Amino acid sequence: MQNLIKRILAVAVIVVIVILAFKYCGFKKEEEPEIGYNTNLIQQQILNVGKLVVTEGHFSEVITYKNQQKYLMDMVSFEKKALIVVNANVTVAYDLHQMKYDIDEKNKTITILNIPKEEITINPDIQFYDVEQSKLNPFTGDDYNKINKSVKANLAKKIEKSSLKTNAQNRLISELSKILILTNSMGWKLQYNGKVIESDKDFNKDLKL
């Protein structure tokens, strides 16, 4: 009788051990796919954000161009001049395909390593009015090159003083915030420049573009 009881107890212990082993293996299997799922979801979100963010603007200006050619010890001069009207389309773009980042699964942290600098494109439409020139001092390709260079330099100064670059950066932050929203919802952290990004305000303070 005692042998029978011992056998029953032994079988019961084995059954309990087997059940616990199955439960342990089951929990272990559930944890690994969760990390993989989270990582894949984050990578997919970053791919969705990784696009070309473009902000467009329009600028106009009027320039008077003058040039003189002097002869005979400056006693005779021939002037050329023109009124120039410039209309330019300007784009400020961030190519987020070039953004570099690191995903730390163990510590549930995404670190933004590098954000590409903005690319500014200026496409001026230059129209000449009231053109005055002479055969001894006509408009040449060199004049047009100087004018084009001067126009782009003036437009670049206007862009710096305008809200175009700020608007472009706001759009960039809006895109990056999609990653922040996802990481927060999943209990992950987002870092940049050695700091944890917790809100859009942190992006404004910490993003060095």
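**Aromatics, sheet and core**

Tutor: Let's start with the aromatics. Y65, F128, F139 and Y144 form one aromatic cluster. Keep in mind that this is a predicted model.

Student: How many aromatic pairs are there in the whole structure?

Tutor: Four, from a search of the whole structure. Take Y65 and F139: their ring centres are 6.0 Å apart and their planes sit at 40°. Stacked means under 30 degrees and edge-to-face over 60, so this pair is tilted.

Student: Where do Y65 and F139 sit in the chain?

Tutor: Y65 is in strand β1, and F139 is in the loop between β5 (119-132) and α2.

Student: Step back a bit. What does the secondary structure come to?

Tutor: Four helices and seven strands. From the N terminus, the order is α-β-β-β-β-β-α-α-β-β-α.

Student: And which strands form the open sheet?

Tutor: Four strands, in the order β3-β4-β6-β7, with mixed pairing. The edges are β3 (100-104) and β7 (195-197), each pairing on one side only. On average, neighbouring strands are turned by 30° against each other, direction ignored.

Student: How many bridges join β3 to β4?

Tutor: Five, and the two strands run antiparallel. In that pairing, K100 stands opposite N114 in β4. β3 and β4 form a hairpin with four residues between them.

Student: What is phi for K108 in that turn?

Tutor: About 50°, so positive. K108 is a residue other than glycine. K108 is partly exposed, with a relative accessible area of 36%.

Student: Where does D130 sit, given its phi near 50°?

Tutor: In strand β5. D130 has a positive phi and is not a glycine. At 59% relative accessibility, D130 counts as exposed.

Student: Back to the sheet. In what sense do β4 and β6 pair?

Tutor: Parallel, over four bridges. I110 stands opposite L190 in β6. Then there is α3, which packs on the sheet and touches β4, β6 and β7. The direction of α3 makes about 140° with that of β6.

Student: What does L190 touch?

Tutor: Leaving out residues up to four places away in sequence, L190 touches I110, I112, I179, L180, T183, K195, V196, I197 and F203.

Student: L180 is on that list. Where is L180?

Tutor: In helix α3, residues 164-186. L180 is buried, with a relative accessible area of 4%. Beyond neighbours within four places in sequence, L180 contacts L190, I197, E198, S199, D200 and F203.

Student: How far is L180 from Q191?

Tutor: Their C-alpha atoms are separated by 9.5 Å, and the two are eleven residues apart along the chain.

Student: Which residues have the most contacts inside the largest nonpolar core?

Tutor: I42, I110, I115, I179 and L190, in a core of 40 residues. The elements that each supply at least two core residues include α1 (2-49), β1 (52-71), β2 (76-95) and α2 (141-161). α3 gives the most, with nine residues.

Student: Different spot. What does T55 touch?

Tutor: Setting aside residues up to four places away in sequence, T55 touches V90, T91, V92, L164, N167, A168 and R171. T55 lies in strand β1. T55 is buried, with a relative accessible area of 9%.

Student: Last bit, whole-chain numbers. How much of the chain counts as buried?

Tutor: 29% of the 209 residues. The accessible surface comes to about 14,200 Å², and 54% of that surface belongs to carbon and sulfur atoms.

Student: And what share of the contacts is between residues 24 or more positions apart?

Tutor: 72% of the contacts with a separation of 6 or more.

Conventions
Residues numbered from 1 in each chain as written. Predicted model: local features only at pLDDT ≥ 70, side-chain atom pairs only at ≥ 80, totals over all residues. Heavy atoms only, no water. Buried < 20%, exposed > 50% of the residue type's maximum accessible area, 1.4 Å probe, protein only. Contact = heavy atoms within 4.5 Å. Core = buried A, V, L, I, M, F, W, Y, C linked by side-chain atoms within 4.5 Å. Phe/Tyr/Trp six-rings, centres within 6.5 Å; stacked < 30°, edge-to-face > 60°. Pairing = 2+ DSSP bridges. Axes fitted to C-alpha atoms, helices over the stretch in contact; angles between N-to-C directions. Areas by Shrake-Rupley, 256 points an atom, 1.4 Å probe, with all protein chains shown as cover.
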